[in-house]
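Here is a short report on a ligand shell, a helix pair and some strand pairings. Please look over the sequence and the structure first.

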Amino acid sequence: MSTNAALFERAQRVIPGGVNSPVRAFRAVGGTPRFIHRAEGAYLFDAEGRRYIDYIGSWGPMILGHGHPTVLEAVRKAAADGFSFGAPTEREVELAEEILKLVPSMEQVRLVSSGTEAAMSAIRLARGATGRAKLIKFEGCYHGHADALLVKAGSGLATFGNPTSAGVPPEVVQHTLVLEYNNIALLEEAFALHGPDLACVMIEPIAGNMNFVRASVPFMTRLRELCSRHGALLVFDEVMTGFRVGLHGAQGLYAKLIPGFRPDLSVFGKVIGGGMPLAAFGGPRDVMQQLAPTGPVYQAGTLSGNPVATACGLATLKEIQRPGFFEALAKRTRSLTAGLAQAAQQAGLAFSVDSEGGMFGFFFLDPLPQHYQQVMATDQASFNRFFHGMLERGVYLAPALYEAGFVSAAHTAADVEATVNAAHEALR
Ligand SMILES: *Cc1c(COP(=O)(O)O)cnc(C)c1O
């Protein structure tokens, strides 16, 4: 049997950093990444046969837990009929219909293979449809690794962003403006300066890539007003929140809080594929018709709408529509966050938590952060100690303090209790 350490050694010889996505390397928390051998329900099993209660769920997709029988059966059947055809299938149409039924802001949707691809395509579409170049994003929000989105704030509002990655020439991000999340004054200033040139504003409505930070209702209300007034498209990146915080995504929640609210374009991924490579973007028919082959905005994909992935996504979306699904998931998630908060309180630590549906965040500071700089003020050392304390006790949390956590329908009350007990010990 190979150990995690031996596999990591071997991996680093042939794969940069030993991983195919950087956060998996445990660089933020230190230590050896666990090589996962298999998963079942709420559990992961590593190469050494150790079991972990999984609060990452493949970074969100596994909302039903691992190996859900109905989903597994749908995937097996689809695979037997063929892996990929490069031609249209009925199942793609069925999935598109299902998505549109659940997300009323969209009249048409296009399927792609990753969240990165969906976000990148949505921006191209927004630019093509408006004939404008500039876009706004917010510090701490992640929209995949397309060049134009790997940006941090410039030195002032009149200046556009700087690349956060080598290999992205400054000219490629010269149209991207990066603002502070939840800051209405900056948003107003940015629109006053650049309104007529803005193609879109892209936002994670509940930001899960800086742990868990909600856009405030006044901020979202003002953002919607400004986009409408200036003709910029409001793009909701729901790759993480879609079908995760509720059946109708974060936009369903904001529509309840802000009368008539809807985004212009929406981007989905993660849960939509149930663990298979599948993502989507969509919006009003007139905008979506700008895409090739009906319109001038080019977008394509060899594996887009893949028959096995769509079977997995469809089966997953059907399961989460069962009556009471999200109520039960949200309740379980809240029992976890309440337990963690109590453990921190008993240990006398500053701590705050938030959750929505099956997505949660916790911070070793109080009150809850409202934007990236506040998230980054969290004590890194306390988080890392807690992470490793939990991992040693068989609880697998996200290996970085700026990541959200996920509970699945497979997590039982006993799993949560075991997790909270581990937290009491780890924080002692
Ligand atoms: C994960 C994520 C992405 C990128 O999706 P990939 O499938 O990893 O390319 C984009 N936006 C958000 C909000 C995400 O959480």
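Sorted by class, the residues around the ligand are five nonpolar, eight polar and two charged. The model is predicted. In total, 15 residues surround the ligand. The closest are S114, G115, T116, V239 and M240. Which helix gives the largest share of this shell? Helix α4, residues 115-130, supplies that share with three residues.

**Helix pair**

Helix α2 spans residues 69-80, and helix α9 spans residues 307-319. Their axes come within 8 Å and cross at roughly 155°. An angle over 145 degrees counts as roughly antiparallel, so α2 is roughly antiparallel to α9. The crossing is right-handed. On the α2 side, T70, V71, A74, V75, A78 and A79 make the contact. On the α9 side, the contact residues are P307, V308, A311, C312, L314, A315, T316 and E319. What is the make-up of this contact by class? The contact of α2 with α9 has eleven nonpolar residues, two polar ones and one charged.

**Strand pairs**

Strands of a sheet pair through backbone hydrogen bonds, in either a parallel or an antiparallel sense. Two antiparallel pairs are set out below.

| Pair | Residues | Bridges | Opposite residues |
|---|---|---|---|
| β1 and β2 | 36-40 and 43-46 | four | A39 and L44 |
| β15 and β16 | 352-356 and 359-363 | five | V353 and F362 |

Strands β1 and β2 form a hairpin with two residues between the strands. Which residue of this hairpin takes a positive phi? G41 does, with a phi near 60°.

**Open sheet and its helix**

Three strands make up an open sheet. Their order is β15-β16-β18, and the pairing is antiparallel. Which strands lie at the edges? β15 and β18 do, and each pairs on one side only. β18 covers residues 405-406. Within the sheet, β15 and β16 are joined over five bridges. V353 faces F362 of β16 across this pairing, standing opposite that residue.

Helix α10, residues 325-346, packs on the sheet. The helix touches β15 and β16. Its direction makes about 180° with that of β15.

Technical notes
Residues numbered from 1 in each chain as written. Predicted model: local features only at pLDDT ≥ 70, side-chain atom pairs only at ≥ 80, totals over all residues. Near = placed C-beta within 6 Å. Nonpolar A, V, L, I, M, F, W, Y, C, P; charged D, E, K, R; others polar. Pairing = 2+ DSSP bridges. Axes fitted to C-alpha atoms, helices over the stretch in contact; angles between N-to-C directions. Parallel < 35°, antiparallel > 145°, perpendicular 65-115°, else oblique. Left-handed = near helix turned anticlockwise from the far one by under 90°. Contact = placed C-beta atoms within 7 Å.
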